Amino acid sequence: MLKLFSLIIIWLALIAPAAAQREALPTTDILLVLAVDTSGSVNQTRFELQRRGYADAFRSQQVLNAIRGGSTGSIVVTMVQWTGPTMQVQVVPWTLIKDAGSALAFADAIEAAPRQLFGGGTSLSGAIDHAMLLLPGAPYRGLKRVIDVSGDGSNNRGRDVREARDEAVRAGVIINGLPIVSLEYDLDKYYFNNVIGGPGSFIVPADSYDNFAQAVLRKLILEIASNN
């Protein structure tokens, strides 16, 4: 019994500084991980449409207005490219967006980020797991933590995506989805049933890559405004 008590004291001593450090971080409305599909089904044209869609969204006055409407008037965002279970790259670092200048800078960073992955399967579970590793290292404390997954296929590599989703949700993270319904006609239903999770989670489907930009803009506005 004494040994168990000693172990508990040691454990508390280890986690207390980390918890205090997190509480001391500046606060933002949302910590948002944008996870972008770069699997083999995404050719360069499709990749460019995704990248341009995200960049244009952060140049939108509507998105900026949604950010300004939050309690802190800011969000912190990063972008990840993903394919297989262990193939993910953080291509744009955590960035504070609070005004037109920072939003435009983030859009420029998205456009400047080259494609770094070109295949390896479609591991939605890997994308979620990687995002969960990034969230604790963010330089801000989010009132809400969100993983935003976009892709054109169902999970075909790595562990069951529902396991990754459920673990993230239990940790208090929300997962939203942007399925691109061009190769799998029922991908929107798949995302709804298997990928998204957490309070207020949702999908915004894109009928094709040509409609991706409109879907991204709508999704970001809903995502950010739901925190207001």
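Me: Where do I start, and what does "buried" mean?
Reply: Buried means under 20% relative accessible area, exposed means over 50%, and partly exposed lies in between, with a 1.4 Å probe and protein chains only. Take Asp37: its relative accessibility is 0%, so Asp37 counts as buried.

Me: What kind of model is this?
Reply: This is a predicted model, where local features need pLDDT of at least 70, side-chain atom pairs count only at pLDDT 80 or more, and totals for chains, interfaces and linings use all residues. Residues are numbered from 1 along each chain as its sequence is written, and side-chain values use heavy atoms, with hydrogens and water left out.

Me: How many helices and strands does the protein chain have?
Reply: Know the terms: helices (H or I, at least four residues) and strands (E, at least two) are DSSP runs, numbered from the N terminus. Here there are eight helices and five strands. Along the sequence, the pattern reads α-β-α-α-β-β-α-α-β-α-β-α-α.

Me: What share of the protein chain is buried?
Reply: Of the 228 residues, 48% are buried. Accessible areas come from the Shrake-Rupley method with a 1.4 Å probe; for residues, only the protein chains shown count as cover. The protein chain has an accessible surface of about 10400 Å², and carbon and sulfur atoms hold 58% of that.

Me: Which strands does S1 pair with?
Reply: S1 pairs with S2 in the parallel sense, over seven bridges. S1 also pairs with strand S4 (residues 141–151) in the parallel sense, over nine bridges. Look at single residues next. Ile30 has Lys144 in S4 as its bridge partner. Leu32 is bridged to Val77 in S2. Val36 stands opposite Gln81 in S2.

Me: How does S2 join S3: parallel or antiparallel?
Reply: Strand S2 (residues 75–82) and S3 run antiparallel, joined by seven bridges. The two form a hairpin with five residues between them. Val77 has Thr95 in S3 as its bridge partner. Met79 has Val92 in S3.

Me: How many residues of S2 are buried?
Reply: Eight of its eight residues are buried. Check both faces. One side has Ile75, Val77, Met79 and Gln81, the other has Val76, Thr78, Val80 and Trp82, and all are buried. In S1, ten of eleven residues are buried.

Me: What does the side chain of Thr78 contact?
Reply: A polar contact is a pair of N or O atoms within 3.5 Å; within protein, one must be able to donate a hydrogen and the other to accept it, and residues adjacent in sequence count only if both atoms are side-chain atoms. The side chain of Thr78 makes one with the side chain of Gln90, at 2.8 Å. Thr78 lies in strand S2. Its relative accessibility is 0%, so Thr78 counts as buried. Leaving out residues up to four places away in sequence, Thr78 touches several others, including Leu32, Val33, Trp94 and Phe106.

Me: What does Asp37 touch?
Reply: Asp37 is in strand S1 (residues 27–37). Leaving out residues up to four places away in sequence, Asp37 touches Val42, Gln50, Trp82, Ser150, Gly151, Asp152 and Gly153. Now compare sequence with space. Asp37 and Ile180 are 143 residues apart in sequence, and 10.0 Å apart from C-alpha to C-alpha.

Me: How are two packed helices described?
Reply: Two packed helices are described by the angle between their axes and the distance between the axes. Axes are lines fitted to C-alpha atoms, for helices over the stretch in contact, and angles run from 0 to 180 degrees between N-to-C directions. The axes of helix H3 (residues 61–68) and helix H8 (residues 212–225) come within 8 Å and cross at roughly 10 degrees. Angles under 35 degrees count as roughly parallel, over 145 as roughly antiparallel, 65 to 115 as roughly perpendicular and the rest as oblique. H3 and H8 are therefore roughly parallel. Gln62, Val63, Ala66 and Ile67 of H3 make the contact with Leu217, Leu220, Ile221, Ile224 and Ala225 of H8.

Technical notes
Pairing = 2+ DSSP bridges. Contact = heavy atoms within 4.5 Å.
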